[in-house]
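Good morning, and thank you for coming.

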Amino acid sequence: INGNLIDDYLYHTIHITKILKQVYNYSGNIAIQKNKNSIANIINSKEIVEFKNKILGLPIGNKKLIEIPKEIFNNKNLAKRCIVGIIDTDFNLSKNISLIGKMHSLKLMKQLDILLETLNISHSIKENIDHTIIRINKEDSIKIIENWQINNEKHLSKYKIWNEFKTYIPFTTTP
């Protein structure tokens, strides 16, 4: 699991490490590459990889093939938690206080579109040749941030600054 060293440091060292321990009883290893501005949680477990692939049906390899497991569509709370996970890792908070995500997996983004629609979250989806973008409107972005327990301090810190001063400060980092 990779992220931006500056903006995702707390998310990786606190939140993801905690989840790995809770779910798999495995802390994993954190790798920091300052020259690439990268932080990663690395799992060296064949059992966990096989569980995610063979039991959960998550593909190994390129993220273009990823999709949301079917079971999530039948459980509103699980759907929200899945959406939060995707927002935490693959979305950004824009100057308009809209959550915006860009991915190469068209199938995943279409599934996310369906989940957001089902949960009455106002958004738009735009398909391009090699990626798809979802933009959640301001009101529903605020609703998600305030009520759905977003975990990535990257989004929370930008929102807290905007909420306190009613202005978006561009080019800020989490610290």
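Predicted model: local features only at pLDDT ≥ 70, side-chain atom pairs only at ≥ 80, totals over all residues.

Let me begin with a question: where is Ile97 found? Ile97 sits in the loop between S4 and S5. Strands (E, at least two residues) and helices (H or I, at least four residues) are DSSP runs here, numbered from the N terminus.

Residues are numbered from 1 along each chain as its sequence is written, and side-chain values use heavy atoms, with hydrogens and water left out.

Although Ile97 is not a glycine, it has a positive phi of about 60 degrees. Ile97 is buried, with a relative accessible area of 0%. By buried I mean under 20% relative accessible area, by exposed over 50%, and by partly exposed anything in between, with a 1.4 Å probe and protein chains only.

Gln149 also has a positive phi of about 60 degrees, and it is not a glycine. Gln149 lies in the loop between H5 and H6. Is Gln149 buried or exposed? Its relative accessibility is 55%, so Gln149 counts as exposed.

Gln149 follows H5, and that helix deserves a moment. Helix H5 covers residues 138-147, and its buried residues are Asp140, Ser141, Ile142, Ile144 and Ile145. What covers them? The cover includes helix H3 (76-90), strand S4 (91-93), strand S5 (99-103), strand S7 (132-136) and H6. Contact here means heavy atoms within 4.5 Å.

I turn next to aromatic rings. How many aromatic pairs does a search of the whole structure find? The search finds two. Rings of Phe, Tyr and Trp (its six-membered ring) pair if their centres lie within 6.5 Å; planes under 30 degrees apart count as stacked, over 60 as edge-to-face and the rest as tilted.

Tyr24 belongs to helix H1 and Phe51 to helix H2 (residues 46-55), so the pair ties together parts that are 27 residues apart in sequence. Tyr24 is partly exposed, at a relative accessible area of 22%, and Phe51 is partly exposed as well, at 35%.

The other pair is Tyr159 with Trp162: the ring centres are 5.8 Å apart and the planes stand at 35 degrees, so this pair is tilted. Both residues lie in helix H6 (residues 153-165), three residues apart, which is about one turn of the helix. Tyr159 and Trp162 are both buried. Lys166 lies over the face of Trp162, at 4.6 Å from the ring centre. For a charge to sit over a ring, NZ of Lys or CZ of Arg must be within 6 Å of the ring centre and within 35 degrees of the ring normal.

Now to charges. Side chains of opposite charge can pair when their charged atoms come close. How many salt bridges does a search of the whole structure find? The search finds four, a salt bridge being a side-chain nitrogen of Lys or Arg within 4 Å of a carboxyl oxygen of Asp or Glu.

I shall present three of them. The side chains of Lys154 and Asp8 meet in one, at 3.9 Å from N to O. This pair links distant parts of the chain, with Lys154 in helix H6 and Asp8 in the loop between strand S1 (2-4) and H1, 146 residues apart. Lys154 and Asp8 are both buried.

Glu67 forms a salt bridge with Lys107, their closest N and O atoms being 3.5 Å apart. This pair, too, links distant parts of the chain: Glu67 is in the loop between H2 and H3, and Lys107 is in helix H4 (residues 106-118), 40 residues apart. Glu67 counts as partly exposed at 25% relative accessibility, and Lys107 counts as partly exposed at 46%.

Glu153 forms a salt bridge with Lys160, where the closest N and O atoms are 3.5 Å apart. Glu153 is partly exposed, at 24% relative accessibility.

Thank you for your attention.
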